[in-house]
Amino acid sequence: PFGNLSDCPNGSRWIMDVFNECAQDSRDVASVVLGLGSIGCFIAAAFPQFYQACRTGIMDQALSIYFLLGWLGGDLLNLIGSFLADQLPLQVYTAVYYVLADLGMLSLYCYYRVKNGGRAFPAPINAAFVFLSVGSLSSLSLLGSASTEDPGTFKGRSLLSAPRDELGPKPFSRTEIIGFTIGSISSVLYLCSRVPQIWTNYKRKSTSGISYSLFALVMLGNSLYGLSVLLKNPEPGQGQGDYILHHLPWLVGSLGVLALDVVISFQFLAYRKGRPGSLEERDALLGEQDES
């Protein structure tokens, strides 16, 4: 039964009731709390960028479309891989929100691109956008139906699925191998998605139109997310090294992008007095004309 503590002696009642996850000691509780903190950071991260986009109106110039598409592709594969590889429940829930936030960000980007010039996207970008959007909506609907039909299938890794007297590494199932592979590709997309944005900032010599709070909160969220996974106790009979191996793609995806986000942070410092965006230039010129 959902939230049944008989399978989790000495476990936290509220964590079992809310997340159906066994938290036996302070490490497990800290893992859940940090995971919730990471979700809060990721939920809050998109809103400063939405505000900045509406304030400046140059989101289509400030952000790279390849950055957004790579981010959505990585989040979509992260969601599918987390579900197939039997990851922690909070990992799956966080991945669902990633996809929804990315779709909102892409929609806003397309709106300002049409508004500011009506320029059409190249055919490959259109195809990628349609494919990722349809894939995201299909994945969310499939996961929703799976959780409705059988709550147990949406539960992350089952802490007590292995007998307590079982020793040695936990073997990968076929589904976990597929999820592990998808998660690895997702991590590569995360890493690659930052490169176009770094290049766009360098080419513009400006970070105007981008909210630094977006990257600051993502960095904090990724740090908390990685720590939450590392703090979680392995399953009974599973060693710490084997546990890390099972979660390695998601750790690389969350902690690996921190280095590239630090590069973007330095760009914010270097270009904080850089040239303004096109709308800001236009406003300044109009102001000079009015004064003359």
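Visitor: Which residues does UniProt list for "transmembrane region"?

Guide: The unreviewed entry lists residues 29-51, 63-84, 90-112, 124-144, 177-197, 209-230 and 250-271; such annotations may be inferred rather than shown by experiment. The structure is a predicted model, in which local features need pLDDT of at least 70 and side-chain atom pairs count only at pLDDT 80 or more. Residues are numbered from 1 along each chain, and side-chain values use heavy atoms.

Visitor: What makes up residues 177-197, helix or strand?

Guide: The span is 100% helix and 0% strand, with its end C-alpha atoms 32 Å apart. Helices are DSSP runs of H or I with at least four residues, and strands are runs of E with at least two. Over residues 209-230, the chain is 86% helix and 0% strand.

Visitor: Why is H8 called roughly parallel to H12?

Guide: The axes, lines fitted to C-alpha atoms over the stretch in contact, cross at roughly 10°. Angles run from 0 to 180 degrees between N-to-C directions, and those under 35 degrees count as roughly parallel; therefore H8 is roughly parallel to H12. Contact means heavy atoms within 4.5 Å; among the residues that meet are Tyr 190 and Arg 194 in H8, and Leu 260 and Asp 261 in H12.

Visitor: What makes Lys 232 and Asp 28 a salt bridge?

Guide: The definition asks for a side-chain nitrogen of Lys or Arg within 4 Å of a carboxyl oxygen of Asp or Glu. The N to O value here is 3.7 Å, so the pair is a salt bridge. Lys 232 lies in the loop between helix H9 and helix H10 and Asp 28 in helix H2, so the pair ties together parts 204 residues apart in sequence.

Terms used: Parallel < 35°, antiparallel > 145°, perpendicular 65-115°, else oblique.
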